[in-house]
Every structure is written in C-alpha cells, then in structure tokens.
Number of protein chains: 2
Amino acid sequence: MAIVVNLENERSKKGASLDALMALVSDDLALVNTSIVERMHSPVELIPQLAGHIIAAGGKRLRPMLTLASAKLCGHREQRHIHLAACVEFIHTATLLHDDVVDDSSLRRGLASANAVWGNKPSVLVGDFLFSRSFELMVEDGSLQVLAILSHAASVLSEGEVLQLVTANDTSTSEDAYLEVIRAKTAALFAAACQIGAVVSDRPKVEEEALESYGLNLGIAFQLIDDVLDYSAKQEKLGKALGDDFREGKITLPVILAFRRGDDAERQFWRRTLEDLEQAEDGSDLREAQRLMEKHQSLADTVKRARHYGAIARDALGIFPDSPAKSALTDIIDFCIERAF
Amino acid sequence: MAIVVNLENERSKKGASLDALMALVSDDLALVNTSIVERMHSPVELIPQLAGHIIAAGGKRLRPMLTLASAKLCGHREQRHIHLAACVEFIHTATLLHDDVVDDSSLRRGLASANAVWGNKPSVLVGDFLFSRSFELMVEDGSLQVLAILSHAASVLSEGEVLQLVTANDTSTSEDAYLEVIRAKTAALFAAACQIGAVVSDRPKVEEEALESYGLNLGIAFQLIDDVLDYSAKQEKLGKALGDDFREGKITLPVILAFRRGDDAERQFWRRTLEDLEQAEDGSDLREAQRLMEKHQSLADTVKRARHYGAIARDALGIFPDSPAKSALTDIIDFCIERAF
C-alpha cells in the first residue's frame, strides 16, 4: 500500500540526496572507516568479526558524517574530527547490537543481524567492547568537554531505550511521551555528534548550541520518518522487513495518531494487535493497520511533524554563513525526510 | 562433599576477615553508597529500581573498597576517591547485569537476578545506563588519566568476557589460556580500582604500578577461589547455587587440572558433561566431578595457585610503609583466599 502525501506547498525539494555531503566528507569518511577498522581490532577474533559484520552492514554512516560536516562548517583544520566521528559510530553500533538483542531482530538492513548469526551473548559483549573502546578513543583525543557530551548522550540514549521498553505496547501513549522517547533514544546522539564538531573547532558557545539544536531536531525528524517507513511501501526497498514495529507492538507516532483519530472499534483493533499482540498470521492485521493509517492520514501527518522539526533544524543553521558544509547539512534534512517517498 | 586442603606451612592466617578494612573505610563507604544511590537516579523509574536491586544484592563492595583503601594508603585527603569508587562499582554492576543475561543466571547472591525479575531486555539496557553514567561521573572528576585507566579496564574486561565465551566448553583449554581470560574479565578491574587510588593522590609512577600489580594479582586469586567455590561445600552457604559453572560447561582451573591429570575414561566424562553438556539430571554427574577433583587434588591445587598470586600481591605492597591501610589491603588477600574454607 502506497502512502499518499500531499507535497504541495512543502518546502523541501523532491529528490534530495546525500551527494553534496558525500563530496564534502568522502575523504574524511574514508579515514573514519580506517580508524574504525583499526580500533575495533582485538586479539579475540570474534570481536572484529562480529563488529565488522554490523559496521559493514551499517549503512550510511549518517552520524559520523554529521560530526565531519559540522567540523567542516566550523572550519576545523586538524584531524580530531576523524577519531571523534569513529567514536560516535562505535557508540551507535554498540546500541544497534544491544537493540537487536532487546528486540529479537533477525534482520538489520537486509542482512542477518549479529545476534541472528552469533547469538545474543556475543552481541551483548561486543557491544560493551565497542562502547568501552569508544571512550578509550575519546580519552586519546583528550577533550573533557567531548567526553562530557558523549558520555551524557550515551546515558540519555540508554534511558530512552528503557523508557521505550516500559511504554511499549501501551496504546494510550501520548504524542509528547513518544517524543520524549525519541528525543532520548535517537536525537540525543545526533545532537552530540553535531555539537562536538563545534567543540573540536573551538567555536563560540552559540555555534555549539546551534549545531546541537540542528542535530537534535534532525534526529527527531529522522526517527519520525523511520517510524513511517515501517508501515510504508518504500520500506521494503530498504531491506528492512515491513511491519517490524507492528509485530513488536511498538507505539510510534503513526499508531498514536491513528488510535486517537479512530473510533471505538478501531481502538479495539489497536489494543488487540499492539497491546495483546494478537495478530493474524496472514498479514491481514498489518494491512488493516495500514488502511487505518491511510484513512486517518497518520503517515502523512507524521511526515508533516517531521517537516516541522526539519524546519527548526534548518533555522538553527541560520547563524552560519553560506558554505558547502552548510548546504550539505541542509541537504541532510531533506534527505532524511524524503526517505519516506 | 568437603574440600580437603592441607593448610600446613601456608602463610595466610585462618579466620582472615574484612574487619580491619571495614574499620578503615566504613565512613567513606557510606559516602560511596550515597553517591551510588544519587547517581543511579533517573526519571525512568525502572532504572533505579533495577539498578538498586542488583546494587543492594551486590555483596561486599570489594572493588570500591579497594579504591578507598588504596587512596588511603597513598594519603589521599580529598573526596575524589568517593566518586571514583562509585564509578568502579557502576562498571562492575553493569558487567554483572550483562553477565547474568549472557549466562542465563536466575540467582545472584541468593536473590533472584535482575534478568529473572525484569527480563533480559531491561538488564541489558540498564547495564548500558550504569556504564554511561560511570563515565559521566569520571568526567566530573576531571582526570583524563583516571578515564584512560578505567575505559581501558572496561574494554579489556569485555574482551575477556568474549574470550571466555569462545573458549567455553573446550576441555582442551590450557591453564595459560584460562589465566588470560580471568586476567581480563576479573583482574583488570581490580587492578584499575587500586591504581586510581594512587592516581588521585598524585603519587609517583612506582606506587601506581605497585597498586596496579597488587590489584591484578589479587583479582586473579579472587577469581581462582570463586572457581573453587563453585564446586565446594562452602559455596552453598554463600547463597550461590553450587555447580553453576559445571552446568554451563565453564572450563575453570579445577576442571583443567582434573582433566589433565585424569585418564581416558575421566576425560571422556569431562567431554560428555562439559563439551556436550550431557549431564544426569539427578546431580550424580556433578558429584562425580567433585569426586574426580578430590581424587586429583584439583581444588586444593587451585587454592595453591591462588596463594601464589596472593603472595605476589602481598609483595607488591612492600614498597609502602606500614600503615592501617596497608594491613587492611593485606588482609583482603587472606580473606579472598580463605573464602574457600
């Protein structure tokens, strides 16, 4: 089932891509990848094997690219951003490993997840290793401010994951409660990844805060679109199984909107499928969920909400003069949102 | 079945206790406990609930006491050691939470383990939270050297856990390979806990290294005795189920010695029970394992090995003048070893 979203009067361009960003940071990103491979090394072979599997499958490297582009925006001329971008990716990878265990996921970007290949135990432990290694790398960089930002982001991130767990399967979750979860579990690391680009460049506080705000709002928009994709036709092209969130009973904004806009019978449907996890095996309940979202425009309106946060992210960059880095960071906003189509 | 160990000509005193240590650090330890409770706080209530459960059940607080006593030995007069002792306990608690998930343990010190009460998912995530929080606390302390020591210890620790996992159920594991595992998974954090006591007191490198060596060797001795306890009559008094290691097929030194000293039939027994995990449900295989260990003196000789490392730990303290702190640290060695009886 395709999503019908009215694109008229919307500000972002169709066909946004990460091309400008890639052109800007591709040399640096190659160095980040080298740093990642070097620093995930361990004499215990399973560690680089397992870590390499998920890092190779890890897709776009969006978070480390944010650090690289933010540092470029701030005129950083050294190489510190390379290693800190690797730290950000290590933290992200550690949480992916633990997430896949927590969610019992068997697929990650169309490939078998690490827990599916090696089991839950090494996934938990290698996650711990990457997390520790990330702090070792930060210590080598030597900035207590960077350490403060990333250790705080990591602790907020795990708080967000726990919060998501305790609010799971509760259809009465409010939009605000949901936003609190995604702010913590996704947006905090985006914010930190961008903020440290200003920190390593010794930029004034106001620029740090601008990049933090850019990252935070971009992260919220990114997660909202991720939640849309789990119910949209586009998703299958991304190699992620459609309806994972539905099967796990995750309460995301598309569900919250459909639930609040629905009648009693519809709410009964959501309670049965997401709270009691009683779902037809033939996929008909997932199709019904998609139909109700279509009826109440809840995917389209989630995209609208994402655009709202995207607009805040765009304005946060307003204090920086025009530059290729600024254009690239702006393109990311469009790219993150237009993934939905 | 009781262990028969010849205590004659052994240096340590029977009846060693932690009394001197407790007298030395009890005021500080109360402050550590306050710091722990304060810093495990989160608006997400499950976090302090679950963390509080395991921290309350967490026994002796041996590792943070090592930091406190080491700082006292080095004449530390500020309060930094309090917060760093809390960091050490947070790292330890995070690994306990993840260990219990990895080992599917249902008991921890005679109480239900956190994963048994709340499930694996929150245990993984709250472990991550405590780990991140520990780094936040270190950043507040502000010493990059402490951060380097503890982040490295944490990464070695997780390497040790993975190594233990990949060498599990392999009866051909050598004593050296086993020592490598326990050095990493247990002794590295003991070493770090002691070393930072010297670091916060700005003591010369030689004292730092002495305390690191003390901690490392104490940690090895501690783990060896832990492994003995899993097969010894004493264990049941500690509230930990007897034979956990046996049931999981863990290859510990008592097994390694019995296997290497055994005949073909006995090795066949170890392979069946520990590699193939084919074990009689009536506990007769566990009793047979204990009988073979008795026959080959493998528990008694593991205790002897522990005494060897204990002696190195004792000598490492030799460069420090006599003091109540030094006596207390020496007592810990005896206490750790005499837990076996």
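**Two chains and the contact between them**

Across the interface of chain A and chain B, the rule finds 12 residue pairs in polar contact, with both residues of each pair at pLDDT 80 or more, while the salt bridges found across this interface number 0.

**The interface**

- The contact draws on 35 residues from chain A and 35 residues from chain B, and the area buried between the two chains is about 3300 Å², with carbon and sulfur atoms giving 76% of it.
- On the side of chain A that touches chain B, at least two residues each come from α2 (46-56), α4 (80-103), α6 (120-141) and α7 (144-167) of chain A.
- Among the contributors to that side of chain A, α7(A) gives the most, with 14 residues.
- Sorted by class, the side of chain A that touches chain B holds 21 nonpolar, 8 polar and 6 charged residues.

**How the copies are related**

- Chain A is superposed on chain B by a rotation of 180° with 0.0 Å of shift along its axis, and the RMSD is 0.0 Å.
- The two copies are therefore related as by a two-fold rotation axis.
- Both copies use the same surface, since 100% of the contact residues of chain A recur in chain B.

**Salt bridges**

- Over all chains, a search of the whole structure finds 34 salt bridges, although across the interface of chain A and chain B the number is 0.
- In one salt bridge, the side chains of K205(B) and E208(B) meet at 3.5 Å, N to O.
- K205(B) and E208(B) are separated by about one helical turn, because they lie 3 residues apart in helix α9 (residues 205-229) of chain B.

**Confidence in the model**

- The average pLDDT of chain A is 89, and 92% of the residues score at least 70.
- Over residues 1-14 of chain A the pLDDT is below 50, and this stretch has 31 contacts in the model beyond near neighbours in sequence.
- Where pLDDT is low, the predicted coordinates should not be read in detail.

Notes
Residues are numbered from 1 along each chain as its sequence is written. Chains are lettered from A and ligands numbered from 1 in the order in which they are written. Side-chain values use heavy atoms; hydrogens and water are left out. Contact means heavy atoms within 4.5 Å. Buried area is the accessible area (1.4 Å probe) that two parts lose on being put together, summed over both. A salt bridge is a side-chain nitrogen of Lys or Arg within 4 Å of a carboxyl oxygen of Asp or Glu. A polar contact is a pair of N or O atoms within 3.5 Å; within protein, one must be able to donate a hydrogen and the other to accept it, and residues adjacent in sequence count only if both atoms are side-chain atoms. Helices (H or I, at least four residues) and strands (E, at least two) are DSSP runs, numbered from the N terminus. Ala, Val, Leu, Ile, Met, Phe, Trp, Tyr, Cys and Pro count as nonpolar, Asp, Glu, Lys and Arg as charged, and the others, Gly among them, as polar. pLDDT is the predictor's confidence in each residue, from 0 to 100. Copies are superposed by least squares on the C-alpha atoms of residues with pLDDT of at least 70 in both.
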